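Keep the model in view as you read.

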Amino acid sequence: MALISLHDVRWGFGGPALLDGISFNIEKGERVGLLGRNGVGKSSLMRLLNQEIQPDSGEIVRQQGIRVAALEQEVPTGVEGTLFEALACGLGTTGRALADFHKVCQALQSSDEPRLVQTRERLQHVLDSGGGWALQQQIESILSRTGLDPDGRFADLSAGMKRRALFARALALSPDLLLLDEPTNHLDIDSIVWMEDFLLRNVPTLLFITHDRLFLDRIATRIIELDRGRLVSHACDYKTYLQRREAELAIEVEQQRNFDKKLSQEEAWIRQGIKARRTRNEGRVRALQELRAVVRRRRAKIGQVRLELQEAERSGKMVIRAEGLNYRYGATPIVADFSTTIMRGDKIGIVGPNGAGKTTLIRLLLNTLAPVSGTVRHGTHLQAAYFDQLRSQLDDQKTVVQNIAADNDFIVFNDRKRHVIGYLQDFLFSPERCRTPVHVLSGGERNRLMLAKLFTQPANLLVLDEPTNDLDAETLELLEELLLAYDGTLLLVSHDRTFLNHVVTSTMVFEGQGRVTEYAGGYDDWLLQRPQADAPVTAAAKKTPALRSPAPAKPKRLTFNQERERNALPATIEALETEQHALQTAMADPAFYKQDRQVIVAQQNRLATVEDQIAVAYRRWEELEDLAS
């Protein structure tokens with residue numbers, strides 16, 4: 001039986017329904033990628049599956065006792081306390097009691113106030129009767145496996161680490177089905193690779209929305225596409241889906257062409273007048289009326305964004321020259337002894353972990369931030385346009401039109417006068433949407449508006465800081481084509497590996513301690529060139545290789561020692577899993593937490609170690625199996 005089944009589900013508000021009688025199943029063990037243009041209803045479908053909203057009509061059937069957890073696209077506001085408390089508070093009544101118990105225990109370390117003691121005893125009774133200790137062990141295990149510090153403050157985390165914490169909270173529910181809405185947003189590349197590896201090892205069933213094509217290609221075993229209210233399923237990987245989709249669109253175009261030809265012929269016939277209305281032709285008249293009704297019901301494919309850059313005077317051949325740049329925050333080096341020469345037409349990607357200093361490097365190169373030492377010199381006729389990943393250039397309280405043209409009705413674009421609404425329609429904003437305040441726009445719409453605002457500025461140096469977040473795959477491909485044809489110079493900060501591979505000609509990589517090294521080519525080229533010893537490892541990814549290097553050539557057969565290791569690994573894994581089960585069973589007993597604190601901590605650390613050893617053993621076993629195949 002399917003985990004969840006949708007039967008003829010319809011949902012929408014005003015205009016054509018976003019979900020127009022869709023039906024599909026999610027089976028156990030499937031990893032389903034949900035695709036579609038911005039605004040077609042993907043997130044609404046997620047909310048229906050998570051029972052946050054109800055369908056207007058149709059039926060959603062869930063397997064009895066199914067647990068569904070979701071990671072939403074945006075980081076919620078108002079999450080406070082430690083990571084342990086943040087996870088616990090999202091896990092129902094028992095979880096909230098566990099978070100309160102955790103806070104009280106911390107308070108009692110500095111005060112033995114009787115009121116606190118009484119509160120602790122009351123909460124302990126609630127946890128004893130509600131399975132709270134098993135939940136605590138579950139939360140601690142998830143935090144350990146996701147590389148998070150239970151005592152870290154949620155508010156102090158970067159946007160990427162907050163996403164990881166919310167991902168951990170969803171996993172703590174032990175869901176039968178995990179829903180992920182743009183899970184790679186705000187994550188750096190090594191965190192994205194970590195998430196891919198984690199999902200492949202630990203989460204058998206999920207449905208996810210993503211703009212990251214490499215993530216989609218690696219994770220999805222099935223693709224479903226939402227287009228014009230309809231849902232089409234493709235039981236294949238992403239690359240195969242692209243081939244099938246192209247063929248299906250060609251067939252659809254041909255069918256509509258034939259339909260329109262027939263309709264045109266019938267319309268010409270009906271205009272013959274009384275001859276067409278004789279009794280024996282009434283059936284043909286009714287058929288024509290049905291053809292007209294089909295045309296009225298037809299929903300046109302959503303248009304493509306039309307991207308065009310403002311032409312600017314060519315810059316000098318030398319665009320930026322930096323020599324001996326140094327910048328630090330306190331005693332921490334952000335950029336150390338960095339030198340580069342950027343020439344006209346260079347397209348440079350900038351890669352590094354969150355917080356490494358990518359935006360700082362851009363500001364140093366643009367001369368909007370003064371270095372501690374070193375010099376930056378610009379070439380002649382330089383005109384820069386800057387895409388800010390925080391979208392701070394948008395005024396949330398003003399309308400879409402006001403953000404582009406203030407109170408004017410027209411803009412001048414490449415020496416031509418254009419009506420601002422006509423210009424915005426190139427970016428798929430309807431006239432009604434153009435008059436909408438920015439704060440109600442979706443993430444994809446905000447990014448399109450930022451691009452529209454950016455492209456009104458004549459520029460021969462484009463600086464794009466995370467431009468790909470929330471954009472659908474078709475818009476990403478169009479942006480790639482635009483940048484490839486761009487004659488000016490490009491500085492691009494992105495965690496989208498496919499985008500980097502397609503666009504940039506060289507890559508600047510932050511490699512720790514402020515060291516920035518430049519490599520020829522895109523992301524894959526960097527993986528091939530980098531010294532293995534210099535592979536970056538973030539604190540969050542110490543237990544899992546952060547970025548994969550190219551696989552070594554496979555030997556024809558295993559060596560004697562490798563064969564012996566492969567044969568011994570199943571027994572090793574079984575012994576480790578037996579110990580893991582015994583530790584988990586002991587920790588689920590309320591009496592476990594009445595022991596000395598040092599004993600409890602030692603057992604918890606041992607469980608974390610055993611889980612890491614299991615993961616390492618499984619990876620090694622898979623490597624040896626691959627070599628032997």
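Is aspartate 426 buried or exposed? Aspartate 426 is buried, at a relative accessible area of 11%. The model is a predicted one. Aspartate 426 pairs with arginine 418 in a salt bridge, and their closest N and O atoms lie 3.0 Å apart. Arginine 418 is buried too, since its relative accessible area is 18% and the cut-off for buried is under 20%.

Now widen the view. Across the whole structure, a search finds 13 salt bridges. One of them joins arginine 497 to aspartate 212, with 3.5 Å between the closest N and O atoms. Where do the two partners sit? Arginine 497 belongs to helix 17, residues 497–503. Aspartate 212 is in the loop between strand 7 (206–209) and helix 8 (213–219). The pair therefore ties together parts that are 285 residues apart in sequence. Arginine 497 counts as buried, at 0% relative accessibility. Aspartate 212 is also buried, at 2%.

This pair does not stand alone. Arg497 and Asp212 belong to a network of salt bridges that also links Glu196, Asp197 and Arg218.

Turn next to lysine 239 and aspartate 217. Their side chains meet in a salt bridge, at 3.9 Å from N to O. Lysine 239 lies in helix 9 (residues 238–270) and aspartate 217 in helix 8, so this contact ties together parts that are 22 residues apart in sequence. How accessible are the two partners? Lysine 239 is exposed, at 54% relative accessibility. Aspartate 217 is partly exposed, with a relative accessible area of 21%.

Definitions and conventions: Residues numbered from 1 in each chain as written. Predicted model: local features only at pLDDT ≥ 70, side-chain atom pairs only at ≥ 80, totals over all residues. Heavy atoms only, no water. Salt bridge = Lys/Arg side-chain N within 4 Å of Asp/Glu carboxyl O. Helix = DSSP H or I, 4+ residues; strand = E, 2+ residues; numbered from the N terminus. Buried < 20%, exposed > 50% of the residue type's maximum accessible area, 1.4 Å probe, protein only.
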